[in-house]
Amino acid sequence: MNPQLLGQSIVLGILTGGVYALMASGLTLIFGVMRVVNVAHAAMIVMSAYLSWMLYRTLGLDPLLSIIVLMPVFFVLGALGQWVVLRRLGGRDLTLTVLVSFGFAIILEGLQGSLWSSSFQAINTAYSLDSFNILGIYVPLVRLLAAGAALALLGALFVVLSRTNLGRAIRATTQDPRSAALVGVNVEYVTTLAFGLGVAMAAAGGPLLGMLFAFYPATHWLWIGKLLAVVVLGGLGSLKGTFVAAMILGLAEQVATVTISLDWAPLVFYLFLFGVLIVRPRGLFGTVARESL
Amino acid sequence: MKLRTVFPIVMLGLFLVLPIVVREGFYLDLLLFTFMYAAMSVGWDIMGGLAGYVSLGHVGFFGLGSYVAGLLVVHFGIPVFLSAPFVGILAGIVGAGLGWISLRARGTSFVIVTLTFTYVIQLVALNLRDITGGSSGLYLPLLTLPADVVILPFYYGMLVLLVVAILVSLAIRRSKFGLGLVAIREEEGKADGSGVNTSLYKILAFAISVSFAGVAGALHAQYLNYVDPDLAFELIITLNLIIMCLVGSRGTLWGPVLGAFLVQPLSQYLIYLTPSGIAGQVHLVALGVVLVLVVMFMPDGIITTWTSRRGGRGRARPVDAPERLPEAAT
């Protein structure tokens, strides 16, 4: 492969990887506190992409700015959904929580289909086609902006988790909810806020997805697969691991696109996903199963 | 004989002679699909109800069955009614492979793998254009039968599949294997500790569970004379199975059957009521809402709720298993 093409795919891979990291961050956060895969995560991202697209078409609001509007709305809806629906299911049976999130994924998909039809959409702004050249490598402006926004938001999330009391409580709950409760963390309350935070991160991913890729209601099945690959490779529940994994997979996908073909490139994610599960059945940094003899 | 034994046999006899009386395609078609869903639900429940591992990817095996049977008839001329049992076995082998990847550890891997498998297999069906016809699909040769009886082989085929599914499920419930699965559902750590080979049990249960979806997919492909990546991997199929099992009662022999006979006709009626332009999407929303409501307010389902209301046995015992501990299985 010629070096310029390789350089090109590395740059695109890193920029796209940043966006994958943002989209996966909420999924890993929610898994961390609840031990449940939020099947509806990608459907929420696509929902946010649709809303951002609507805001741009009707009010002319820039998709990057719509993140500021969408995040709080999704935070409230997510926290409310957790408090009203998921909390009631409690720890009784985690499969019930998975089924509810599966149900929500389908409700969101159906809503998008009935509101906006099931054809392809994309958010095309005035600068969507702009790009520039660095050392012969072509850098699309939207990818750079999206990666920048993703990095800024991930940085903010990292600061919240490492520097604030809420962040400490979330990390404690992730490690061990029972011990967290013993040292005075209100686990129910923290779980709800963490869920809201995770959904808000999904909201932040939507406009970026809409700027970079075409989307339609059923695309979330592709995305949930990609994001789960990222999250599993990164070790379920670990934010830093997720970031590294997103970079690896973003790069691998771009390299596969230029060396193999665009059609088969998504398979890279699943090969990684299944590969990790074969080698380490509990995931790369697998946690010890809670239930013991 | 008890009512529980007589009723199913009477119903089976009724379904066997029904096509003589009812010649209308509409009702036979409705029943055919109800049998298909009931058979797949019984299969789903072996994993989702007995062993307590919820699969979100049964439609992947349905689609796999559709494609394999379709390719066999198109490229090699092997009729679907001949290949269907082998397609089921193949689906079981693939299921065992996925199980080996995802069931050796407890918990989340299984959900992740079943969720993503459907997409992988759909991607393969879409991209192997030379073999599968890609997004334009695969046309199966029509059966050479008069138009008014062409539905009958499918009607009886699906009925046979349902009967086999129920018998297999019954046999599992009466065996040590079934008892082991229930032990896994109730307390996997303790099941493991008392000598149940939990990984093997789960993998085997999943393989059996998905094989019915494979056979159903095969028959369905020939029934429509057509397969394409959207039709074969329609999400609603997995969703229906889960709803049917939950409504009827997970972990019971007749729950999934009851669920299918309630949900499928109702669902078809609702589709008939909504305007066709948005029916598909509205149907999706409605089923999603039903799933959430059922999980929240009726997770035990009709049969379990009914038996515990009557006060008899508390939580209905899902298995009629011998009262002895499972021995070490390896």
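Q: How many residues of chain B are in contact with chain A?

A: First, the model is predicted: local features need pLDDT of at least 70, side-chain atom pairs count only at pLDDT 80 or more, and totals for chains, interfaces and linings use all residues. Residues are numbered from 1 along each chain as its sequence is written, and chains are lettered from A, with ligands numbered from 1, in the order written. Two residues are in contact if their C-beta atoms, placed from the backbone, lie within 7 Å. Here, 39 residues of chain B touch 41 residues of chain A.

Q: Which helix of chain B gives the largest share of the side that touches chain A?

A: Helices are DSSP runs of H or I, at least four residues; strands are runs of E, at least two; both are numbered from the N terminus. Helix 14 of chain B leads with 12 residues.

Q: Where does Ile30(A) sit, and which residues beyond its sequence neighbours does it contact?

A: Ile30(A) lies in helix 1 (residues 3-34) of chain A. Leaving aside neighbours within four places in sequence, its contacts are Asn38(A), Ala194(A), Phe195(A) and Gly198(A).

Q: Why does Ile30(A) count as buried?

A: A residue is buried if 20 or more other C-beta atoms, placed from the backbone, lie within 10 Å of its own; 12 or fewer makes it exposed, and in between it is partly exposed. Ile30(A) has 29 C-beta neighbours inside 10 Å, so it is buried.

Q: What share of chain B counts as buried?

A: The figure is 52% of its 330 residues. Chain B has 15 helices and two strands.
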